[in-house]
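Please look at the sequence and the 3D structure below, and then follow the text from one element to the next.

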Amino acid sequence: MYRNIVFDFGAVLVDWNPHYVFDPYFGDKEKSDWFLTNICDSKWNAQMDCGKPFAQGVAELSAEHPEWKKEIELYWHRWKDMMGDAIPGMYELVKELKDKGFRIYGLTNWSNETFYTICDDYPVFSLLDGKVVSGDERLIKPDPAIFRLLLDRFGLEAGESIFVDDNRANVEAASGVGMKGLRFVSADQLREDLRTLGIN
């Protein structure tokens, strides 16, 4: 019997996308794509998600690519402008699940320097019974240790817990520690996936 539902944040509960800053900055989506693939890429961003201070990450990358120093600094100074809206339908779905008696938790790869500047802007976060932010823990998905930390911290049984994430590797990692992993596509698809598990 499932009692707990754990949600990833970015692209599941809220929209975050660096293209919101860099597409208009460069005025050229191709150049923006190149910059976010080759300079401020996801591997670099993950260092901050794992607890590295942004000032350090920006300084190190700027030293490596001095010709992009201005744009690298922009990634930090305009970070809040990378936030979009709540993911359509997710506040309503999370609220329904909470009202049905499910315990609702969050497990996110997110810098602790940035997450807490925006968490009050999105009502869905107020529905959580608890959360684990990777930047606080210096652990990052898909490391199984961060899933175990979540389970231990809140006294959850893995077999009673569903984990929802848009990243396949994270879903597989959750399954590896005994949770039921669901790949997020949309609120409507998640409703269908939950229905197949007997959650209506």
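At the start of helix H9 (residues 144-154), a side-chain oxygen of Asp143 comes to within 2.9 Å of the backbone nitrogen of Ala145, where helices (H or I, at least four residues) and strands (E, at least two) are DSSP runs numbered from the N terminus. This is a predicted model, in which local features need pLDDT of at least 70 and side-chain atom pairs count only at pLDDT 80 or more, while totals for chains, interfaces and linings use all residues. Residues are numbered from 1 along each chain as its sequence is written, and side-chain values use heavy atoms, with hydrogens and water left out.

The buried residues of H9 are Ile146, Phe147, Leu149, Leu150 and Leu151, buried meaning under 20% relative accessible area, exposed over 50% and partly exposed in between, with a 1.4 Å probe and protein chains only. These buried residues pack against strands E1, E4 (103-108), E5 (130-133) and E6 (161-165), and also against helices H8 (134-137) and H10 (168-176). After H9 comes Gly155, whose phi is positive, near 65 degrees.

Asp8 is buried, with a relative accessible area of 6%. Its side chain makes a polar contact (a pair of N or O atoms within 3.5 Å, one able to donate a hydrogen and the other to accept it within protein, with residues adjacent in sequence counted only if both atoms are side-chain atoms) with the side chain of Lys141, at 2.9 Å. Leaving aside residues up to four places away in sequence, Asp8 touches Leu13, Leu107, Thr108, Lys141, Phe163, Val164, Asp165 and Asp166, contact meaning heavy atoms within 4.5 Å.

Two packed helices are described by the angle between their axes and the distance between the axes. The axes of H1 (residues 19-26) and H2 (residues 29-38) come within 8 Å and cross at roughly 130 degrees, the axes being lines fitted to C-alpha atoms, for helices over the stretch in contact, with angles from 0 to 180 degrees between N-to-C directions. In this contact, His19, Phe22, Asp23 and Phe26 of H1 meet Lys29, Lys31, Ser32, Asp33, Phe35 and Leu36 of H2.

H1 also packs with H5 (residues 69-77), their axes coming within 10 Å and crossing at roughly 145 degrees. Here Val21, Phe22, Tyr25 and Phe26 of H1 meet Lys70, Glu71, Leu74 and Tyr75 of H5.
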